[in-house]
Amino acid sequence: MEAILTRRSIRKYTNQPVPEQVVKELLEAAMSAPSAVNQQPWQFIVINDRKILGEIPKLHPYSLMLRAAPVAILVCGDLQLEKMRGNWVQDCSAATENILVAANAKGLGAVWLGVYPVERRVTGIKKLLDLPENVIPFSIVSIGYPAVKKLPANRYDSSRIHYNRW
Ligand SMILES: Cc1cc2nc3c(=O)[nH]c(=O)nc-3n(C[C@H](O)[C@H](O)[C@H](O)COP(=O)(O)O)c2cc1C
């Protein structure tokens, strides 16, 4: 509960690099997400090349933090791995959220950058990273050690909860 309730989008990072082992643990969290018929239709690209991180904001206007992020994980849906068509988006969402919560639990700061379904971002990232036709870039998680502190959002709203009927 603590890792979920204190998670916030962190867009400013210190210069401290994120160890490879920690990135691996975030990927382990991602791959432990639930998926439709357990299809696990995801692929991940760890991006730590400064040049590539600097190219992404040119095609994604709300990703400027990547210019200074030590690492990012691109979560992709692989249509060839899909058994239940159309569910890859939900599966990749669950994987993305797991990365965010795990990052917070490990003292990292992270933010979900939406790629799919914005056509320009999808085609731009596909081209930039040489993705095969069947692999669709879904989200980018920008990751680093936080240079800012944010209070928990506390969005609990009892008026949004309905029992048995509307
Ligand atoms: C589907 C999705 C797409 C998002 N895209 C972006 C983005 O492109 N750039 C960004 O800075 N934040 C992005 N965010 C983060 C949201 O702005 C953030 O989660 C929201 O403002 C709530 O703040 P919090 O995460 O600190 O609780 C995205 C979040 C989601 C779920």
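**Reading burial, helices and pockets in a predicted model**

Trainee: Why is N134 called buried?

Mentor: N134 has a relative accessible area of 17%. Buried means under 20%, so N134 counts as buried. Do keep in mind that this is a predicted model.

Trainee: Where is the place of N134, and which residues does N134 touch?

Mentor: N134 sits in the loop between α5 and β4. Leaving aside residues up to four places away in sequence, N134 touches G77, D78, L79 and Q80.

Trainee: Which residues are buried in α5, and what do they pack against?

Mentor: The buried ones in α5 are R121, V122, G124, I125 and K126. Their packing partners are α3 (50-59), β2, β3 and β4. Just after α5 comes D130, with a positive phi of about 55 degrees.

Trainee: How do you know whether T96 is buried or exposed?

Mentor: The relative accessibility of T96 is 0%. The cut-off for buried is under 20%, so T96 counts as buried. T96 lies in helix α4 and touches V75, W112, F138, S139 and V141, again not counting residues up to four places away in sequence.

Trainee: What can you tell me about the buried residues of α4?

Mentor: T96 is one of them, and the list also includes W88, D91, C92, I99 and L100. The buried residues of α4 pack against α1 (2-5), α2, β1, β2, β3 and β4. Just after α4, G107 has a positive phi of about 80 degrees.

Trainee: How do you know that the reach of α4 is close to the expected one?

Mentor: α4 has 18 residues, and its first and last C-alpha atoms are 26 Å apart. The expected reach at 1.5 Å a residue is 26 Å. For α2 (residues 20-31), with 12 residues, the reach is 17 Å, close to the 16 Å expected.

Trainee: What makes the buried residues of α2 line one face of the helix?

Mentor: Start with the list: V22, V23, L26, L27, A29 and A30 are the buried residues of α2. Looking down the axis of α2, you find them within an arc of 155 degrees, so they line one face. The buried residues of α2 pack against β1 (42-47), β2 (71-78), α4 (88-105) and β4 (135-144).

Trainee: Why is V37 called partly exposed?

Mentor: Its relative accessible area is 49%. Exposed means over 50% and buried under 20%, so V37 falls in between as partly exposed. V37 is in the loop between α2 and β1, and its phi is near 40 degrees, a positive value in a residue other than glycine. In general, most residues other than glycine have a negative phi.

Trainee: And what makes N154 exposed?

Mentor: N154 has a relative accessible area of 67%. Exposed means over 50%, so N154 counts as exposed. N154 lies in the segment after β4, with a phi near 50 degrees, positive in a residue other than glycine.

Trainee: Which residues does a cis peptide bond join?

Mentor: The bond runs between Y116 and P117, with omega about 10 degrees. P117 is in the loop between β3 and α5 (119-128). As a rule, most peptide bonds are trans.

Trainee: How much space lies in the largest pocket, and which residues are closest to its centre?

Mentor: The largest pocket has about 270 Å³ of space. It is lined by 16 residues, and T6, I10, N104, P146 and K150 are the closest to its centre. α4 gives the most to this lining, with 3 residues. By type, the lining of the largest pocket has 8 nonpolar, 4 polar and 4 charged residues.

Trainee: And which residues line the second largest pocket?

Mentor: The lining includes I4, L5, T6, R7, E97 and N154. The second largest pocket holds about 200 Å³ of space, and its lining divides into 5 nonpolar, 2 polar and 3 charged residues.

Notes
Residues numbered from 1 in each chain as written. Predicted model: local features only at pLDDT ≥ 70, side-chain atom pairs only at ≥ 80, totals over all residues. Heavy atoms only, no water. Helix = DSSP H or I, 4+ residues; strand = E, 2+ residues; numbered from the N terminus. Expected span 1.5 Å × (residues − 1). Buried < 20%, exposed > 50% of the residue type's maximum accessible area, 1.4 Å probe, protein only. Arc of directions from axis to C-beta. Contact = heavy atoms within 4.5 Å. 1 Å grid on protein atoms, 1.4 Å probe; cavity = no way out; pocket = protein on both sides within 12 Å on 5 of 7 lines; lining within 4 Å. Points joined across faces, edges and corners; volume = space filled by probe spheres on them. Nonpolar A, V, L, I, M, F, W, Y, C, P; charged D, E, K, R; others polar.
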